[in-house]
Amino acid sequence: MKVGILTSGGDAPGINATIRGVGKTAINNYGMQIIGIQNGFSGLLYKDIVELTDQSLSGILNMGGTILGTAREKVFRKMITSPDEKDREQIKNAYNELGLDCLVCIGGNGTQRTTWMLSELGLNAVGIPKTIDNDVYGTDVTFGFDTAVNIATDAIDRLHSTASSHRRVMVIELMGHHAGWITLHAGMAGGADIILLPELGYNMKVVIDKINQRMEMGKAYSIVAVAEGVEVPTKERPATYFAREIESQTGYETRETVLGYIQRGGSPSPYDRNLGTLLGGHAAELIHEGKFGRMVAKIGSEITAVPLSDVAGKLRLVTPDNQLVLQGKRMGISFGIW
Ligand code: F6P
């Protein structure tokens, strides 16, 4: 069998461990041939490929980024979401001309949707969920998330001492466009006093009251963790908006930090390496068994697979009954709505 692997969307620590997991299992356990398709779905159309061997897959386990390159796929997504006959033919021809028996697509929600559409076109496809945001529907966790939470928690830890020394309010903005998973987990692990998530919204009066109340209680400083996807009424970044409002409404000196792409770069945590390895290995197993049209997933402690048709177009979001949210509330941490 000949299997193609591609990576699409924003990168996440653990992609290379996953490519290695698919490739080494497919080659060594099932005797398959593996090719890497470079720079996402456009690499499929342009047949931008590289042969992957056991040897070329060595030494990449602890590397950040993706050895295959990745891209946000506007053109291909348009082709696949509303394909005309020409688009359908072009995609199918590319797959057939490469002699593929299956295509493995590693990516976030958009990629899973595209993978489902490819399988609707009649191509054999398997999805592997990937994003630091942890918002892929159908799996409890995505690789990249653990690494990002570690980096974000370390950043919040570091803000405590400088905030305390200057008696300041510190606002830190973390990644998470639709979902506040990184902000929730790093905010709780880093001891933030106010945690603002896109899913829960906020009331500025609640935020201001919380900061005033803490200062009146004699607390020297406050830490606010805000997800980048929290909507604000100006064109500013959430960190800038909240820092400005907090300083002007409380009179306390306030500073902002936007952690940005640091959360996505560098070496994956051991957890993400092993998660990618397990998901990759399971993808190879599915291909061997001819089970296509599925996305591999971790549900509870089980590595399993779900139909792509069940996950396409959906997001996994934080809900108000999340146990970390409830526990934070019980401890007096504000989520901007209480
Ligand atoms: O991959 C998810 C993510 O990290 C989001 O949190 C963020 O909004 C987005 O990627 C930004 O990525 P890019 O600038 O690469 O499109």
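Does Asn-134 count as buried or exposed, and how many C-beta neighbours does it have inside 10 Å?

Reply: Asn-134 counts as buried, because it has 28 C-beta neighbours inside 10 Å. The structure is a predicted model, in which local features need pLDDT of at least 70 and side-chain atom pairs count only at pLDDT 80 or more, while totals for chains, interfaces and linings use all residues. Residues are numbered from 1 along each chain as its sequence is written.

Asn-134 is found in the loop between β5 and α6. Helices (H or I, at least four residues) and strands (E, at least two) are DSSP runs, numbered from the N terminus. The phi of Asn-134 is near 65°, a positive value in a residue other than glycine. Most residues other than glycine have a negative phi. Asn-39 also has a positive phi, of about 60°, although it is not a glycine. Asn-39 is placed in the loop between β2 (33-37) and α2, and it counts as partly exposed because it has 18 C-beta neighbours inside 10 Å.

The loop that holds Asn-134 also contains Asp-133, between β5 (125-129) and α6 (145-166). UniProt places the feature "active site" at Asp-133, in an unreviewed entry; UniProt positions are given in the numbering used here, feature names are shortened, and annotations may be inferred rather than shown by experiment. Asp-133 is buried, with 29 other C-beta atoms within 10 Å. Residues up to four places away in sequence aside, Asp-133 touches Met-175, Gly-176, His-177, Ala-179, Trp-181 and Ile-182. Such a contact requires that the C-beta atoms of two residues, placed from the backbone, lie within 7 Å.

Asp-133 also belongs to the residues around the ligand, which are Gly-10, Arg-72, Thr-131, Ile-132, Asp-133, Met-175, Gly-176, His-177, Glu-228 and Arg-264. A residue is near a molecule or strand if its C-beta atom, placed from the backbone, lies within 6 Å of it. This shell divides into two nonpolar, four polar and four charged residues. In that scheme Ala, Val, Leu, Ile, Met, Phe, Trp, Tyr, Cys and Pro count as nonpolar, Asp, Glu, Lys and Arg as charged, and the others, Gly among them, as polar.

The shell also relates the ligand to the division of the chain. The chain is divided into domain 1 (2-144 + 268-311) and domain 2 (148-264), with bounds that come from an automatic or database domain assignment. The ligand lies between these two domains, because both give residues to the shell around it. The C-alpha centres of domain 1 and domain 2 lie 35 Å apart. Nine residues from domain 1 and 11 residues from domain 2 take part in the contact. On the side of domain 1 that touches domain 2 there are two nonpolar, four polar and three charged residues. UniProt, again in an unreviewed entry, places the feature "domain: Phosphofructokinase" at residues 2-287. That span is 45% helix and 16% strand, and its end C-alpha atoms lie 10 Å apart.

Two residues touched by Asp-133, Trp-181 and Ile-182, are among the buried residues of α7. Helix α7 (residues 181-189) is mostly covered, as eight of its nine residues are buried. Its buried residues pack against α6, β6 (169-174), β7 (194-196), β8 (222-227) and α12 (323-330). Gly-191, whose phi is positive, near 70°, follows α7.

Strand β5, at one end of the loop that holds Asn-134, is one of the elements against which the buried residues of α5 pack. The others are α2 (41-45), α3 (74-81), β4 (102-107), β10 (294-299) and α11 (308-311). Because nine of its 12 residues are buried, α5 is largely enclosed by the rest of the structure. Helix α5 (residues 109-120) reaches 17 Å from its first C-alpha to its last, close to the 16 Å expected at 1.5 Å a residue; the expected span is 1.5 Å times one less than the number of residues. Just after α5, Gly-122 takes a positive phi of about 100°.

Note on methods: Buried ≥ 20, exposed ≤ 12 C-beta atoms within 10 Å, placed from the backbone.
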